[in-house]
Amino acid sequence: MTCESKRLMRKIKRLPLEQLEPLLLAVPEPPARLDWAVVFGNDHPVEIEVGFGKGLFLVTAASAQPETNFLGVEIMRKYQLYAATRLVKRGLTNVRLCKADARLLFRDAIESESVAAIHVYFPDPWWKKRHHKRRVFTPEFIRECARILQPGGKLLVATDVADYHTIICELVEQNHSFQTIPPPEPHEPRHDMDYLTNFERKFRQEGRTIYRMAWKRVAASENNSGSNAATTRR
Ligand SMILES: C[S@@+](CC[C@H](N)C(=O)[O-])C[C@H]1O[C@@H](n2cnc3c(N)ncnc32)[C@H](O)[C@@H]1O
């Protein structure tokens, strides 16, 4: 961790585990598929964020859409607890946070066609070739996204890395379950934390290019030919 991220992590004092527990979701052991009605206690639509980091997207989205359930999947325990503290402090009950490798959780624990949207914002690019296997975006991961999304469900992605943007587009568009759609437009921030995620905030304030991508999961009967024109950079 850098000094800057240590400083930011210190800003929020983590709540005791007992207070965070209602939001923490354990990976089913032995592996089993999650039943959303049991996890959330209702039948509202479910959206998943992969790699939520400090949890800004989940805080904003869960506050704005109380009738939607959000599952955050994050590989690092310290971020799971940090984001849980933010959510509990705001009294948000429509979020669960799972400490897991999203690639494995999708494969083992998520029912087919049970998810309305998947959000992946600023996935680690893992620059070194020998580390590429750690990237979230692989053909297998995209197949799992296609399997778990409902027809019409969305895959929403952003990155600041031009090469990774190209790779993600190629991988998703090789999978004929997806049709490119226009990504959500960023708005002018109305306050200091009015950004999509913490990384988005940092990169926009630095004036970096951000590549935004969005796809719709098509139904088996739909034709997705000629559909790849809507990635934006800003
Ligand atoms: C660059 S950070 C972006 C955090 C956040 N999305 C944002 O934009 O502020 C990438 C995050 O993905 C998490 N991550 C990396 N690989 C993952 C995986 N396989 N499953 C779940 N989370 C992962 C990292 O721990 C890290 O918190």
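User: Why are helix 4 and helix 5 called roughly parallel to each other?

Analyst: In this predicted model, the axes of helix 4 (residues 56–64) and helix 5 (residues 77–89) come within 9 Å and cross at roughly 25 degrees, where axes are lines fitted to C-alpha atoms, for helices over the stretch in contact, and angles run from 0 to 180 degrees between N-to-C directions. Angles under 35 degrees count as roughly parallel, over 145 as roughly antiparallel, 65 to 115 as roughly perpendicular and the rest as oblique, and helix 4 and helix 5 are therefore roughly parallel. Helices (H or I, at least four residues) and strands (E, at least two) are DSSP runs, numbered from the N terminus. Residues are numbered from 1 along each chain as its sequence is written. Local features need pLDDT of at least 70 and side-chain atom pairs count only at pLDDT 80 or more, whereas totals for chains, interfaces and linings use all residues.

User: What is the handedness of the crossing of helix 4 and helix 5, and which residues make the contact?

Analyst: The crossing is right-handed; a crossing is left-handed if the near helix is turned anticlockwise from the far one by less than a right angle, and right-handed if clockwise. Leu58, Val59 and Ala62 of helix 4 and Ala83, Arg86 and Leu87 of helix 5 make the contact, two residues being in contact if their C-beta atoms, placed from the backbone, lie within 7 Å. These residues divide into five nonpolar, no polar and one charged, with Ala, Val, Leu, Ile, Met, Phe, Trp, Tyr, Cys and Pro counted as nonpolar, Asp, Glu, Lys and Arg as charged, and the others, Gly among them, as polar.

User: What makes helix 6 and helix 7 oblique to each other?

Analyst: The axes of helix 6 and helix 7 (residues 139–148) come within 10 Å and cross at roughly 45 degrees, and the two helices are therefore oblique to each other. Helix 6 passes helix 7 in a left-handed crossing. Arg103, Phe106 and Arg107 of helix 6 meet Glu140, Phe141, Glu144 and Ile148 of helix 7 in this contact, whose residues divide into three nonpolar, no polar and four charged.

User: Which residues are closest to the ligand?

Analyst: Of the 21 residues that surround the ligand, the closest are Gly51, Gly53, Ala102, Thr197 and Phe199, a residue being near a molecule or strand if its C-beta atom, placed from the backbone, lies within 6 Å of it. The largest share of the shell, three residues, comes from helix 9.

User: How confident is the predictor, and where does pLDDT stay under 50?

Analyst: The protein averages a pLDDT of 92, and 91% of the residues score at least 70, pLDDT being the predictor's confidence in each residue, from 0 to 100. Over residues 224–231 pLDDT stays under 50. Where pLDDT is low, the predicted coordinates should not be read in detail.
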